[in-house]
Amino acid sequence: MNINDLFNNLSIAEMTGAIIFATSSLTVIIYYAAVFTKLLRLSAEDSRQPATEPVSVIITARNEDYNLQKNLPLVLEQNYPNFEVIVVNHASNDDSAMILVEMKNKYSHLQVITIEQDLNFFSGKKFPLSIGIKSAKHDLLLLTDADCTPDSENWIQSMASSYNPETEVVLGYGPYKKEKGLLNTIIRYDTMMIALQYFSFALAGRPYMGVGRNLSYRKELFMRNKGFISHLNISSGDDDLFIRQVSNKKNTRIAVSPDSFVYSNPKRTFTNWIKQKKRHFSTSGKYSFLLKMFLGLFSLAQVIFYLSLIVLLSTQTLIIPVAALAVITLFVRVLIQKKVAQKLGESQLLLFSLIGDIFYVLILPIITIRGLTGKTQSWK
């Protein structure tokens, strides 16, 4: 039977399914081959000149006594010539104040700002973060969270050296620590995929977000754009809506050197992770139509690829051509994900990429819908 006879014997439904599958497959391939390979082509960062510009590291904390005691010394003891660390203690009722007093006595470059009451001028952590930024002595700001652990004593150096005379924003990577269990693998895979997208879009001249766990920009840029005033009513957005507002292809760079990584503790239950994802998705309604289209098209293509593949194989429709195109699509995806995982220090995720991606892709729309329709929570 030749190809014409093969297609002529298909029903309209089977032909429609085959076209949908082929379109989704090609879309996924194009995204990976044309967009996401930009991250792989990024030149080595070790050629960047060492930075000496003074830096203000800003950490907002609320009831983070354990994390402050564990992680703050790693920030304060960074190998960098001139920096201050500002901790904004936001209405904590644990031992944070006592711990910060002890550390202030030991480290002269630590500045502590205490907010006694939750004034709720801003939703989420935007108010304490704004206080910290306005109190910064230096123009170059580096933001992280109390539960974050720099992977190197050269974290500040690595992020600061990403700046050139035109740079106003540097997007860093904030992976989660590896632990046992399926949930931890999903969270780390999700984090890698999100980074793959926002890094690649930034390299393509379309920066749209960073992560507050590891983000740098200039104080002058923040003040010039009136901070978070355009989205005060949204609890999240300090690391995506603000970046989308102020960043462009000329003033934004990324940092993916291992020294620039900052690790965080992952959620340990699906319920808490879904709540976290809901907060993140709550800002997507403010994205531009074009950005929604580009991001949504990729996510939709992945879902349709798997669903249409399952349907076509179960109905034995064009088994050989469908299987061949599926193998090509999966090969392109896995090959690029493997190289990205190596670049981002996530090589352990390769096995999940091979067998767990379908699970991740199919549950993510459910979380997205819940995030867009459900009630979000403020930062606590």
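**The whole chain**

This is a predicted model, in which local features need pLDDT of at least 70 and side-chain atom pairs count only at pLDDT 80 or more, while totals for chains, interfaces and linings use all residues. Residues are numbered from 1 along each chain as its sequence is written, and side-chain values use heavy atoms, with hydrogens and water left out.

Select everything and colour by secondary structure: the protein has 14 helices and nine strands. Here helices (H or I, at least four residues) and strands (E, at least two) are DSSP runs, numbered from the N terminus. Of the 380 residues, 53% count as buried; buried means under 20% relative accessible area, exposed over 50%, and partly exposed in between, with a 1.4 Å probe and protein chains only.

**The sheet**

Next, select the seven strands of the open sheet, whose order is β3-β2-β1-β4-β7-β6-β8, with mixed pairing. Two strands pair if DSSP finds at least two bridges between them. At the edges stand β3 (110–115) and β8 (252–254); each has a single partner strand, so one side of each is left without a neighbour in the sheet.

Now select residues 140–145, which form strand β4. Are its residues buried or exposed? Six of the six are buried, so the strand is largely enclosed by the rest of the structure. In a regular strand the side chains alternate between the two faces of the sheet. In β4, Leu-140, Leu-142 and Thr-144 point one way, and Leu-141, Leu-143 and Asp-145 point the other way.

Look for Ser-56 opposite Leu-141 of β4.

Continue to strand β6 (residues 169–171), which is antiparallel to β7 and joined to it by three bridges. Val-169 stands opposite Tyr-217 of β7.

Finally, select Phe-294, which lies in helix α11 (residues 289–314). Phe-294 is partly exposed, with a relative accessible area of 34%.
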